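This report goes through one protein model, topic by topic. Please keep the sequence and the 3D view at hand while reading.

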Amino acid sequence: MQRRDTPDPSADLVLRGGTVHTLDQDDTTGTAIAIRHGRILRVGGDAEVTASIGRRTRVIDLDGRTVIPGINDSHLHATWLGAMWPNTVFGAMDAGAAAPPPVDGDPHDTSHSAPLLTTRAERRAAILRAGELIASLGITSYTEPGIGPGEDGGATGCFGQDVFDAYVELEAERRLTARVNVLALFGVLDGPSTLRDVTTGLRSLERETTRPTWLRVAGVKLFADGIPPMHQAWTRHRYPDGTSGGLLVAGLDEEERAENLRRMIVEANRLGYQVGIHATGDRTIDTAIAAVEDALRDSRAELRHYIIHGDLVGPGELARMATLGMGLNVQPGIAVKTASWLAAVLGDDVAASAWPIGEAARAGVSVSLSSDAPILAPDWRQGIADADAWLGAPLSGPTATADRMRALLRGYTVAPARQDGAEPWKGTLEPRKVADLCVLETDPLNVAASELPTVGVELTVVDGELVYEREPVYMR
């Protein structure tokens, strides 16, 4: 008989009778998983995990369904998503348009179909609405890539400092249903920033939060350039009008703008902040990498700086990024949807070599896949289908197809955990890591990537608690 003062060693929650993909380094699988105090207790066969069941354990019979780690959408504008949904920016465009928008247009234009949020209550509601949506998709973590005082006068009210304050309130009330990383923003979203504003903002940035595993200020987002279809990416190529784009960072000339970007990155690194750099042009990416090289000469702290989008990143830049431990954050759906736009302004050869997801991984760069929602819908299943299409056909055979699927799943789980500096405690379903997981109606390794968007999300668990269930499940 167990003594009354002895802690109960049984699990709080057990899911059994299915397939469990841990996505750890050994590709460990099981048929059941046990959770205790919000952490993974064990993964194994039904008989092994059944030993963890006690009188108070909740038991879910999977009936052949599949458990994977919770999805981490590492580039998702949740407040803007909550304000816009069910609209998305690409959904508001002419479906199937073969030509890029006008040069003075921008798919990231925050005025697309979004109401102006003017009050804290409206921002809270948008965050909560996005939370309900992403929970239904199995998303358990995300990064808000750019909120702060630089957007206090923004067109939608979805990116200013009050948005962060709304997050702080909701986290204190325990109303968040996903873990949130935040990149601060001291310039204009998709627009210019000044060296003074960024460095002053960094030095005064409050990084402490009550529960950093739930709400964390990771660092800063810098908009280094725009995007190629609008002739805004800074590139060695020539656009049809003879220009080559330029940096968004303020400065009197090209040289000063590049130096100011370098100083921003060096200062952020010195203060211990991660930098997510919106960079699409090859010259911009090269300049950003050189700045990180300078920063790491003085401080080799592993802050996981990364390039966002990286449309025109080349083999040489990828090799340098790997050496520096930099990551690449790519939205496969944007590649699929805008490749023809890129070809229209820089040619078919440039478009064919853009967004080199496979080459980046082979170079040793950690590649995180994301949605950039609400540019696209926040559906990682479609993101994987798009990434698979962009990569082209794998080697023939079911083993190669399953290996490709595992790699793409890691792009939404393991790699984002690394980007967050959180791989010791999330991203895989290993004992002692947080119990963040997604239950699918069938095994994703047994379906073609193109069919994955039709595979239903059955359950979402965060910190050991159910935050979404498609239909009531048998629970003992």
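## The largest pocket

In this predicted model, 38 residues line the largest pocket. Those lying nearest its centre are Ala-361, Val-367, Ala-407, Arg-410 and Gly-411. The volume of this pocket is about 930 Å³.

Several elements each supply at least two residues of the lining of the largest pocket: helix H11 (348-353), helix H12 (357-362), strand S13 (366-369), helix H13 (380-391), helix H14 (398-410) and helix H15 (414-419). Which of them gives the most? H14 does, with six residues. By residue type, the lining of the largest pocket divides into 18 nonpolar, eight polar and twelve charged residues.

## The second largest pocket

The second largest pocket has a volume of about 230 Å³. Its lining is made of 16 residues, and Arg-207, Arg-216, Val-217, Ala-218 and Gly-272 lie nearest its centre.

Strand S9 (residues 215-223) provides the largest share of this lining, three residues. The lining of the second largest pocket divides into five nonpolar, five polar and six charged residues.

## The eight-stranded sheet

Eight strands form an open sheet with parallel pairing, in the order S6-S7-S8-S9-S10-S11-S12-S13. Which strands stand at the edges? They are strand S6 (71-73) and S13; each has a single partner strand, so one side of each is left without a neighbour in the sheet. From one strand to the next, the twist averages 25°. S13, one of these edge strands, also supplies at least two residues of the lining of the largest pocket.

Within this sheet, strand S7 (residues 139-147) and strand S8 (residues 179-184) run parallel and are joined by six bridges.

The loop between helix H5 (161-172) and S8 holds Ala-178. This residue has 4% relative accessibility and therefore counts as buried. Ala-178 and Val-336 are 158 residues apart in sequence, and their C-alpha atoms are 28 Å apart in space.

## Strand S14 and its two partners

Strand S14 (residues 437-440) has Leu-437 and Val-439 pointing one way and Cys-438 and Leu-440 pointing the other way. Are these residues buried or exposed? All four are buried.

S14 pairs with strand S5 (residues 66-69) in the antiparallel sense, over four bridges. Pro-69 has Leu-437 as its bridge partner in S14. S14 also pairs with strand S15 (residues 457-462), again antiparallel and over four bridges. There, Leu-437 stands opposite Val-461.

## Salt bridges

Side chains of opposite charge can pair when their charged atoms come close. With a cut-off of 4 Å between a side-chain nitrogen of Lys or Arg and a carboxyl oxygen of Asp or Glu, the model has 33 salt bridges.

Arg-16 forms one with Asp-61, and their closest N and O atoms are 3.1 Å apart. This pair links distant parts of the chain, with Arg-16 in strand S1 (residues 13-21) and Asp-61 in strand S4 (residues 58-61), 45 residues apart. Another salt bridge joins Arg-262 and Asp-294, with closest N and O atoms 3.6 Å apart. It too links distant parts of the chain: Arg-262 lies in helix H7 (residues 254-270) and Asp-294 in helix H8 (residues 282-298), 32 residues apart. Arg-262 counts as partly exposed because its relative accessibility is 26%. Asp-294, at 24% relative accessibility, also counts as partly exposed.

Asp-379 forms a salt bridge with Arg-381, and the closest N and O atoms of the pair are 2.9 Å apart. Both Asp-379 and Arg-381 are buried.

Conventions. Residues numbered from 1 in each chain as written. Predicted model: local features only at pLDDT ≥ 70, side-chain atom pairs only at ≥ 80, totals over all residues. Heavy atoms only, no water. 1 Å grid on protein atoms, 1.4 Å probe; cavity = no way out; pocket = protein on both sides within 12 Å on 5 of 7 lines; lining within 4 Å. Points joined across faces, edges and corners; volume = space filled by probe spheres on them. Nonpolar A, V, L, I, M, F, W, Y, C, P; charged D, E, K, R; others polar. Pairing = 2+ DSSP bridges. Axes fitted to C-alpha atoms, helices over the stretch in contact; angles between N-to-C directions. Buried < 20%, exposed > 50% of the residue type's maximum accessible area, 1.4 Å probe, protein only.
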